[in-house]
Amino acid sequence: MLAQGCFYYRQHNPEVKQVTASNIVPNDVAPAKNTATLTLADGKKITLADAPIGLIAEQRNVSIFKTADGKLIYKSKPLKASETPFLGNPELNIISTARGQQYQVILPDGSKIWLNAASSFTFPATFVSLKQRRVELTGEAYFEVARR
């Protein structure tokens with residue numbers, strides 16, 4: 001009886017539209033692209049989508065690598081016996097994503113950060129001589145902070 005009522009209602013009410021494949025508008029949103037822009041302490045900008053796999057930059061006591069799966073990894077370089085740790089202001093790097101972008105970073109202390117779209121993450125290139133690990137985030141990110 002209910003099915004007959006629905007059929008009758010649709011037939012006699014022209015403003016009720018029947019759903020068909022031709023009048024469905026897809027609202028699919030494309031997945032985020034795995035890319036970001038890295039700004040080094042000296043102001044140099046690197047678009048990570050275009051960066052080669054492997055070593056992409058070096059800074060004081062740290063090497064920056066891009067992996068085949070698109071992650072950015074910071075690796076501390078061991079100090080030579082003649083070197084002393086840098087005690088001045090840390091070199092700050094910035095990773096920023098635009099809308100529709102995301103990126104994963106592994107810091108030299110082993111902490112992992114997944115940066116979401118339209119976000120910016122500012123951090124020291126190395127934490128070696130710092131008493132605190134301070135970073136700045138604008139936007140949204142997921143952190144897995146490594147123990148010291």
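Predicted model: local features only at pLDDT ≥ 70, side-chain atom pairs only at ≥ 80, totals over all residues.

Trainee: In which loop is Asn61 found, and is Asn61 buried or exposed?

Mentor: Asn61 is not a glycine, yet its phi is positive, about 60°. The residue is found in the loop between strand E4 (54–59) and strand E5 (62–66).

Trainee: What is the phi of Ala118, and where does Ala118 lie?

Mentor: Most residues other than glycine have a negative phi. Ala118 lies in the loop between strand E9 (112–115) and E10, and is partly exposed at a relative accessible area of 49%. Although Ala118 is not a glycine, its phi is positive, at about 55°.

Trainee: Turning to charged pairs, how many salt bridges does a search of the whole structure find?

Mentor: Side chains of opposite charge can pair when their charged atoms come close. One of the pairs is Asp69 with Lys71, whose closest N and O atoms are 3.5 Å apart; Lys71 is partly exposed, with a relative accessible area of 24%. The search of the whole structure gives a total of 4 salt bridges.

Trainee: How many residues apart are Glu91 and Arg60, which meet in a salt bridge?

Mentor: The side chains of Glu91 and Arg60 meet at 4.0 Å, N to O. This pair links distant parts of the chain, with Glu91 in the loop between strand E6 (72–76) and strand E7 (92–96) and Arg60 in the loop between E4 and E5. Glu91 is partly exposed at 25%, as is Arg60 at 37%. The separation of the two is 31 residues.

Trainee: Which residue forms a salt bridge with Asp109?

Mentor: The N to O distance in this pair is 2.6 Å, between the side chains of Asp109 and Arg133. Asp109 lies in the loop between strand E8 (101–106) and E9, and Arg133 in the loop between E10 and E11, so the bridge ties together parts 24 residues apart in sequence.

Methods:
Residues numbered from 1 in each chain as written. Heavy atoms only, no water. Helix = DSSP H or I, 4+ residues; strand = E, 2+ residues; numbered from the N terminus. Buried < 20%, exposed > 50% of the residue type's maximum accessible area, 1.4 Å probe, protein only.
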